[in-house]
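Morning, everyone. I have one structure to show today. Let me put it on the screen.

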Amino acid sequence: METDNMLIASYNPAGMGDVLVVLTAPAAEHTFEQKENVVRIVDEQNMTLGFNFLHASTMLDLPETAGQVFLTSDAVAKLNAALVAAGFEAELVADETPKFVVGYVEKAEPHPDSDHLQITTTVVDNDERVQIVSGSPNMRQGIKVVVAKVGAMMPSGLIIWPGALRGVASNGMITSGRELRLPNAPQVPGALILPDDFAEVGTPFDASSAEAQALFQ
């Protein structure tokens, strides 16, 4: 899966000050280039990995608490304007597609090089099928789950990029209630298996919703 047009933003005023961190590609060997209040992060081929926007609250209305920031098209337009004003190219592309969705494990097969991993074919939004390698001990076909798609940021700060496990491509993550930090979720490994009537496959999953908060009540 390609990482083009990916946009992952986070803000942690207590830990980093008034800096909005915007990532557009996975971490790599990098250097920095600063112009005015914008820092461009580039790899060894001068390809953009992301930007740090200093004094970010003067550009956008940002939350006071740390975490992921979901950038609207209007917000991205303001950041692109800031890039141009600083002397950079306006290269950010808005991505408002949901990154946590209700998924359906259509197929689960043993990993050829592991005794605990399984290779799943999982249906997500728009009837798309993605291959996700899972180590959940309760993984099996025919279950509804929560999928963190490529481009998602977990509550822990972990970013889901395309990757591979034991040589097999994996594009996303089938999550547990613990990883989603749902109240009373078992603090042990295992996918969150949703009730069949929880929501339609492809529906965005909001961990703060009443339905999600009640899953382990």
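Is strand E8, residues 118-123, mostly covered or mostly open? Mostly covered: five of the six residues in E8 are buried. Bear in mind that this is a predicted model.

Now look at the neighbours of E8. On one side of the pairing list is strand E7, residues 100-110. E7 and E8 run antiparallel, with six bridges.

Next comes strand E9, residues 129-134. E8 and E9 are also antiparallel, and six bridges join them. Here, Ile 119 stands opposite Val 133 in E9. E8 and E9 make a hairpin, and five residues sit between the two strands. Check Asn 126 in that turn: its phi is positive, about 60°.

Let's zoom out to the chain. The secondary structure is three helices and 13 strands. Along the principal axes, the C-alpha atoms fill a box of roughly 50 × 40 × 30 Å.

How much of the chain is buried? Of its 217 residues, 45%. Take the contacts between residues at least 6 apart in sequence: 54% of them join residues at least 24 apart.

Last, the surface and the charges. The accessible surface is about 11,400 Å², and carbon and sulfur atoms account for 50% of that. The chain carries 12 positive and 28 negative side chains. The centres of those two sets lie 5 Å apart.

Definitions and conventions
Residues are numbered from 1 along each chain as its sequence is written. This is a predicted model: local features need pLDDT of at least 70, side-chain atom pairs count only at pLDDT 80 or more; totals for chains, interfaces and linings use all residues. Side-chain values use heavy atoms; hydrogens and water are left out. Helices (H or I, at least four residues) and strands (E, at least two) are DSSP runs, numbered from the N terminus. Buried means under 20% relative accessible area, exposed over 50%, partly exposed in between (1.4 Å probe, protein chains only). Contact means heavy atoms within 4.5 Å. Accessible areas come from the Shrake-Rupley method with a 1.4 Å probe; for residues, only the protein chains shown count as cover. Lys and Arg count as positive and Asp and Glu as negative; His and the chain ends are not counted. The place of a charge is taken as NZ of Lys, CZ of Arg, CG of Asp or CD of Glu. Two strands pair if DSSP finds at least two bridges between them.
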